[in-house]
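Please keep the sequence and the three-dimensional view at hand while reading.

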Amino acid sequence: MKRSLFIVGNWKMNTTLQSAKSLAADVVKGLDGKLSGVEVGVCPPAPFLLPVAEALRGSQVVLGAQNASNEKPGAFTGEVAIEMLLDVGCQWVILGHSERRQFFGDTDEIINKKVLAALDRGLKVIFCIGELLDDRQSGRTEAVLEVQLAKGLLNLTAAQMERVVIAYEPVWAIGTGVTASPEQAEETHAYIRKWLTTRFSSSVSDATRIQYGGSVKGDNAKELLAKPNIDGALVGGASLKADQFLAIVRAASEVATIS
Ligand code: PEP
C-alpha cells in the first residue's frame, strides 16, 4: 500500500495578486472534488497567502508558505513569523529549499531551528534536501544528503516526524528542465528511507512521505510517482499554470488508484 501522495506547487517569487487568485481558483475548479489518495497544496508568495487562502476556502487544497522565521513575533524587520502564517491559514511551510540555501544563507543549522520552531508552534514542514551536480558526478550524493538530513532534523522526535515531509530535490534538476530519471530518484529516495530507519525507526521510515522535486511535469510525473519510495512531488515551474499542475495531480490520482 502506497503512502498517500502529496503534490505541492511552489510558486516561488512569481504571480501578481490577480494571477495568484485566479491560479488558485483554477486549481480548485480543475480538481472538482476528485482527490482520492492525493493531497494537494499550493505555496504562494507571502503577500498573497491570505487572498489565496480565500480562493481555496471550502476546497481540499492546503496552503503553505515558502519560508518562515524561527523567531517569535517582534523586532525582526522584513521577516514573517510562524504565528502570522498560521493566522492566514497556512498548514505547511517549505524549509531548506535550495534557493534559500544558495541565495539567502540558510545553513543546515538555521534550517534546523526553523524546522523545530515550525513544528513546536503548529506548522507542518516540507523539508528540502538535495545535492549539487558536482556532488552527484563525484559520487557524493549520499554523503551530502546524510549531512543535510542529520543536521536539518537534529533533535526531532519520532512524534514530530509525523508532521514532516521530506522533499528530495537534486539542485541540478530544479528549474533546468532536466529531471532525475525515475530510477535515479527511486534509488536516492530508498537511501533517505534507509537513513530514516537508522535515525528514527522502521515505523517512522515507513510513514514518512518523501516527495521528489526537480522539473516535474505532466508527462514525467506518472513514471516518477509510480516508484515505491516516491510519495509526491514538489513542483516549481509547472505549478504556475493550472492545466500543467492539474496534469501532475491527475497522474498522481492514476498512480493512487492502481496502488
Ligand atoms: C522547486 O523549486 O521546488 C522545483 C522543483 O522547481 P522546478 O519544478 O521548476 O524544477
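The largest pocket of this predicted model has a lining of 22 residues, and those nearest its centre are Met13, Ala46, Gln66, Asn67 and Arg100. The space in this pocket amounts to about 570 Å³. By residue class, the lining of the largest pocket consists of 12 nonpolar, six polar and four charged residues.

**The enclosed space**

Rolling a probe the size of a water molecule over the atoms shows where empty space is left. When the whole structure is searched, one cavity of 30 Å³ or more is found. The largest cavity holds about 30 Å³ of space. Its lining is formed by Gly96, His97, Ser98, Arg101, Cys128, Ile129, Gly130, Glu169 and Ile174. Two elements, helix H4 (98–103) and strand S5 (124–129), each supply at least two residues of this lining. In the lining of the largest cavity, three residues are nonpolar, four are polar and two are charged.

Arg101, one of the lining residues of the largest cavity, belongs to helix H4. A polar atom of the Arg101 side chain lies 2.8 Å from the backbone oxygen of Cys128, and Cys128 also lines the largest cavity. Not counting residues up to four places away in sequence, Arg101 touches Gly96, Asp106, Asp108, Ile111, Phe127, Cys128, Ile129 and Gln148.

**Helix H12**

Helix H12 covers residues 242–258, which makes 17 residues. From its first C-alpha to its last, H12 reaches 24 Å, close to the 24 Å expected at 1.5 Å a residue. Which residues of H12 are buried? They are Ala242, Phe245, Leu246, Ile248, Val249, Ala251, Ala252, Ser253 and Val255. These buried residues pack against strand S1 (5–10), helix H1 (17–31), strand S2 (38–43), helix H11 (221–225) and strand S8 (232–235).

His189 is situated in helix H9 (residues 182–199). Because its relative accessible area is 0%, His189 is classed as buried. The side chain of His189 has a polar atom 3.5 Å from the backbone oxygen of Ile210. Ile210 is also among the residues that His189 touches when residues up to four places away in sequence are not counted; the others are Tyr168, Gln211, Tyr212, Asn229 and Ile230.

Asp135 is placed in helix H6 (residues 133–137). Asp135 counts as buried because its relative accessibility is 9%, the cut-off for buried being under 20%. A polar atom of the Asp135 side chain lies 2.9 Å from the backbone nitrogen of Leu132. Apart from neighbours within four places in sequence, Asp135 is in contact with Arg140, Thr141 and Val144. Between the C-alpha atoms of Asp135 and Glu39 there are 32 Å, and these two residues are 96 residues apart along the chain.

Phe48 lies in the loop between S2 and helix H2 (49–56). With 16% relative accessibility, Phe48 likewise counts as buried. If neighbours within four places in sequence are left aside, the contacts of Phe48 are Thr15, Thr16, Leu17 and Ala20. The C-alpha atoms of Phe48 and Leu116 are separated by 25 Å, and the two residues are 68 residues apart along the chain.

| Side chain | Backbone atom | Distance |
|---|---|---|
| Arg101 | oxygen of Cys128 | 2.8 Å |
| Asp135 | nitrogen of Leu132 | 2.9 Å |
| His189 | oxygen of Ile210 | 3.5 Å |

**Positive phi angles**

Most residues other than glycine have a negative phi, and most peptide bonds are trans. Asn155 is not a glycine, yet its phi is positive, at about 70 degrees. Asn155 is found in the loop between helix H7 (141–152) and helix H8 (158–161). Ser215, also not a glycine, has a positive phi of about 55 degrees. Ser215 sits in the loop between strand S7 (210–213) and H11.

Ser215 is buried, with a relative accessible area of 10%.

Key:
Residues numbered from 1 in each chain as written. Predicted model: local features only at pLDDT ≥ 70, side-chain atom pairs only at ≥ 80, totals over all residues. Heavy atoms only, no water. 1 Å grid on protein atoms, 1.4 Å probe; cavity = no way out; pocket = protein on both sides within 12 Å on 5 of 7 lines; lining within 4 Å. Points joined across faces, edges and corners; volume = space filled by probe spheres on them. Nonpolar A, V, L, I, M, F, W, Y, C, P; charged D, E, K, R; others polar. Helix = DSSP H or I, 4+ residues; strand = E, 2+ residues; numbered from the N terminus. Expected span 1.5 Å × (residues − 1). Buried < 20%, exposed > 50% of the residue type's maximum accessible area, 1.4 Å probe, protein only. Contact = heavy atoms within 4.5 Å. Polar contact = N/O pair within 3.5 Å; in protein donor to acceptor, adjacent residues only side chain to side chain.
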